[in-house]
Amino acid sequence: MALCELLMHSGGLPTQEVVTVAEIRSLEELQTPDSTALIFSPFGLGGAMPPERSAEFLQRLVADCVLAPDVAEGSRREFDRLQRLFPYGLLDYDVFTVVDDRALLVMEQALRERFVQWCACAVTFEDANGVESPRSVDVRTYDDVLAAVKKLGRRSRRGPQQQPSPHWQLKVGSTLIDFNGMLAGLRTWARAAGLLRGQRTRGIEHAMSNLRNAVAHPTGYHRTMPVETARTLHDLAELINQLWGHPTPGGRLYPAPVERDIVVMAWNDEGSVLMAQADALRDDTDADGYLYLLIRSASCPGSRYEDAYWAEFDARFETTQFPAEYLWGPGSRSDALAWLDAEQPKGDTVDYVDRVFMLREHNGQLYPPMHPEVAAGLTGEEQRGTWHTVRADFPEHAFAHVRGLNGSPDAHSRTGECRNCPAHHLGSGSHEQALRAAEDVVGVVTPRRPPAVRIPGTIFWPHRF
Ligand SMILES: [Zn+2]
């Protein structure tokens, strides 16, 4: 029974019925731009933009969100709908909030859909307590998965008091994970299955699922700005594409491997350090007193990857933010040019997320991260001390994590994904133990021994050996 009918039928009411309905607006009113939306422009908040330009601006904000062709249809249709609805925020500003909230729920739907594809009609659960034998369950939809999880949960509780009850875990490759079918379980699964990657993004995924939970269980009114919603849609597109195996070129969350080019670095005694495309060596310059070095680098001038530590290059340590490779030098400009022309080195692409670093701690000193191949090539004397093997996207993250291990005892994790920072601790101990921990994840490590070449006058990494 509707509210107005209730009012009419119950006793003790005012003689005139009270009926409140929402205002009915004309088509013209529905098509009138929302003045709040018009104040967002490519230049931030400003004077109101003409509606035609605003319509184009809003569509351009999300135009480059493109899903890979093999993404499953359900996720694709949900995403297309959000992308299509987004510019309608021009007519009603609240559309931005609704699209943003919905995008966080679609994240979970994409994980579910990818899960069903991944398990190829069957999931296996194993009892971590070893009470019961493994169980394989046929599943066709995600509802089947949830039903299987629920059924096993009931079995766990039914065991006789004196026997340990089974602890069912989902088998993902060679590992077992706790899995209750909810969002956190799906995230753990996607990482265990190698579908989601990157240590920095692990924290962002956690924040996104907190936001999703806030959307699913709202406690108050909120509003989202168009630029925030556009970013959520970009993030969602990156997540969906990554789930289907496609990292995003230049991506914020799941970046594709970056291109590296041949770069020349030059420095003089006065502390001046320069960096340019290698072809700059051909320019006639009267800069005397410089030493030249050729490297392969992602962050050459004009590239989109800014490296705060570009001038810290060291052939033996991972001191630049993006992986840089020693090629030749140091030497004179003419010798650098002669080598360049003789060898004609080419650029390449390199993946910088989830790298493995080895760090040496000796006599109370923690040294900058090393590539496992370089650490493997050290002399016995250089291997002395305690070593740590850490997976991280950037060397500074690995360094901060290991330094943190010596601080408050529970702040950083000594095994597995660190609860406190974007690092995954793979092992600690002797040089040999740490190298074995690296080989467990990257395969056989071939030792190499680059020359002790570095740009002098370092600020960020003062201690090296
Ligand atoms: Zn940590």
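Visitor: What is the volume of the largest cavity here?
Guide: About 40 Å³. Bear in mind that this is a predicted model.

Visitor: Which residues line the largest cavity?
Guide: Met275, Ile295, Ser297, Ala298, Ser299, Asp307, Trp310, Thr320, Phe322, Pro323 and Ala324. The lining splits into 7 nonpolar residues, 3 polar and 1 charged. Asp counts as charged, and Asp307 is in that lining.

Visitor: Over to the metal. What makes His401, His412, Cys418 and Cys421 donors of the zinc ion?
Guide: Distance. A donor is an N, O or S atom within 2.8 Å of the metal. Here ND1 of His401, ND1 of His412, SG of Cys418 and SG of Cys421 lie 2.1 to 2.2 Å from the zinc ion, so they count as donors.

Visitor: Why is the site of the zinc ion called tetrahedral?
Guide: Four donors get that label if all angles lie between 85 and 135 degrees. The angles among the 4 donor atoms are 107 to 114°, so the site qualifies. For reference, the ideal angle for four tetrahedral donors is 109.5 degrees.

Visitor: How are the donor residues spaced in sequence?
Guide: As H-x10-H-x5-C-x2-C. Histidine 401 sits in helix α13 and cysteine 418 in the loop between β15 and β16, 17 residues apart.

Visitor: How do you know whether histidine 401 is buried or exposed?
Guide: Buried means under 20% relative accessible area. Histidine 401 is at 0%, so it counts as buried. Cysteine 418, with 3%, is buried too.

Note on methods:
Residues are numbered from 1 along each chain as its sequence is written. This is a predicted model: local features need pLDDT of at least 70, side-chain atom pairs count only at pLDDT 80 or more; totals for chains, interfaces and linings use all residues. Side-chain values use heavy atoms; hydrogens and water are left out. On a 1 Å grid over the protein atoms alone, a cavity is a set of points where a 1.4 Å probe fits but cannot get out, and a pocket is an open set with protein on both sides within 12 Å along at least five of seven lines; lining residues have an atom within 4 Å of a point. Grid points are joined across faces, edges and corners, and a volume is the space filled by probe spheres set on the points. Donors are N, O and S atoms within 2.8 Å of the metal (3.2 Å for Na, K and Ca); water is not among the atoms, so sites may look incomplete. Four donors count as tetrahedral if all angles lie between 85 and 135 degrees; four count as square planar and six as octahedral if opposite donors are over 155 degrees apart and all others between 65 and 115; anything else is irregular. Helices (H or I, at least four residues) and strands (E, at least two) are DSSP runs, numbered from the N terminus. Buried means under 20% relative accessible area, exposed over 50%, partly exposed in between (1.4 Å probe, protein chains only).
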